Amino acid sequence: MPTSYMNNDLSRRRFMGTLTGAAALALLNSDRRAVAEDSPGGHITTDYNGRLCYNENPLGPSAAAIQAIIDQAPLAHRYTDWYAESLVSSLASYHQVSPNQITCGCGATEILRLCAMAFAPPGRNVVAPYPSYTQFMGDAELFGATVRYSNLTGNYVVDLAAARSQVNSNTTCVCITNPNNPTGTFLNSQSLVDFVDSLPSGVLTIIDEAYFEYIDNPQIPSAINMVRQGKDVIVVKTFSKVHGLAGARIGYAIGPANRISQIRAKQISATVSRLSLEAARAALGDNQHVVDSVAHARNARNYCLREFEEAGIVCIDSTTSFFMVDVGEGDYVRTQLANRGIYVRTGWGMSSFIRVSCGTMAEMRDFVAALKEIVRALRSGNRSDTAPNAVDLYQAFPNPFNSSTNITITIPRAQRAKLEIFDIQGRLVRKLVDNELGAGMHRFTWYGDSESGGAAASGLYYYRLISDDKSITRRMLLLR
């Protein structure tokens, strides 16, 4: 790992939880799509107000997708299309590739895990930028491969030269998220083509395009072009973001037929439900919903950027449905926002930042007003020392680390709390606390040691807080 990378203290995406099966999509009123209008007063009342932490599409699914779910509901007692072949056929026509170049799964989550199973064998290594979306990297380590990380540039863009320098004779593949998550920055198509062409024969490139449709320049082609040209590239796509089907869990991969066959060999059948499959097919035909979703995200993001500029708050230049804001103390601000019912993300070793999803315009106005108030008080030294109103587990800092890292938790009332560290296999490595704690903030240090006193090996670790109120798990990276 380059020294400059460690100095930048950029960490990985925090743990999101375990892989779940396809879930039924909530049948919301289609008139909520009116939130795309950038006008005062428009607001949706749902149980999810203020949830600006998961990059969900506030417009929800298209009307066509909702109708498809309704139409399929009476057939929910019948098994689905075993390998989503009907959706594969629709996607092949839509993307102008052969059906044997596509496979579908339970969200991009399953697709990336299958890629790790197929292309990250034990004893070999894979290369990935950092920080970025870490599903593939975590799964690669789980299945026995080593991950070699590269830096981002000073502008928070994936550094392709740095990634190329990490490739060696033992490398099987490189995984790049474009646009990158969490930074929202993107690589142009020619730089990616040049990168792919520079790799040794047999080294696969996996490009996760979960947020590709949000790129402001519609002339930038998808990496699917490289697949059409016969290059050794797999492109991962999802219906969770711009199509608003996150709860339906549908993802897919497009690549050379031989690579797709390798993925299919690892699949189990029927992971995409009948309802989800038909919702996705309907969503493909509703381009206006995509246009509306992209326009709404752009309007919401630009509104926030204008407000931040006036307030002297700095953002990373994003082209997606989320953005990162430099607030000085990310975890503190995240907690203060949560106390106001507004939920954002922190982590990735970027301790001064919060990541914010584009919600409804009403949510964005509430967020901006609250953030300005919190940042203004923070800058003037008027920190709120009131007890938190929820259990919280902060990102380890520093992360990555090579000698010790600090883990902070908050407890709203006196209660028993357990903080433990596990390896990628789920085995207990170290117990930091397991007793009654008083209300407030508590900090613990892990020195990279095990319960037996020996040194833990380099790699990914999970740290989990269990209290009377909830359980929270996050990731950290130890580099010896």
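How many cavities of 30 Å³ or more does the structure hold? The structure holds one. This is a predicted model.

## The cavity

The largest cavity has a volume of about 40 Å³. Its lining includes a run of residues from Glu56 through Asn57 and Pro58 to Leu59. Tyr214, Ser293, His296, Ala297, Ser321 and Cys358 also line the largest cavity.

Sort that lining by class. Five of its residues are nonpolar, four are polar and one is charged.

## The second largest pocket

Now turn to a pocket.

Helix α11 gives the most to the lining, with four residues. By class, the lining of the second largest pocket has eleven nonpolar, eight polar and five charged residues.

## Helices α4 and α5

Next comes a pair of helices. Helix α4 covers residues 107–119, and helix α5 covers residues 135–142. They pack at an angle of about 40°, and their axes lie 8 Å apart. Angles from 65 to 115 degrees count as roughly perpendicular and those under 35 as roughly parallel, so α4 and α5 are oblique to each other. Their crossing is right-handed.

Which residues meet here? From α4 come Thr109, Leu112, Arg113, Cys115 and Ala116. From α5 come Gln135, Phe136, Asp139, Ala140 and Leu142. The contact of α4 with α5 has six nonpolar residues, two polar ones and two charged ones.

## Helices α12 and α13

A second pair lies further along the chain numbering. Helix α12 spans residues 330–339, and helix α13 spans residues 361–379. Their packing angle is about 130°, with the axes 10 Å apart. That angle makes α12 oblique to α13. Helix α12 passes α13 in a right-handed crossing.

On the α12 side, the contact is made by Tyr332, Val333, Gln336 and Leu337. On the α13 side, it is made by Phe367, Ala370, Leu371, Ile374 and Leu378. What classes do these residues fall into? Eight are nonpolar, one is polar and none is charged.

How values were computed:
Residues numbered from 1 in each chain as written. Predicted model: local features only at pLDDT ≥ 70, side-chain atom pairs only at ≥ 80, totals over all residues. Heavy atoms only, no water. Axes fitted to C-alpha atoms, helices over the stretch in contact; angles between N-to-C directions. Helix = DSSP H or I, 4+ residues; strand = E, 2+ residues; numbered from the N terminus. Parallel < 35°, antiparallel > 145°, perpendicular 65-115°, else oblique. Left-handed = near helix turned anticlockwise from the far one by under 90°. Contact = heavy atoms within 4.5 Å. Nonpolar A, V, L, I, M, F, W, Y, C, P; charged D, E, K, R; others polar. 1 Å grid on protein atoms, 1.4 Å probe; cavity = no way out; pocket = protein on both sides within 12 Å on 5 of 7 lines; lining within 4 Å. Points joined across faces, edges and corners; volume = space filled by probe spheres on them.
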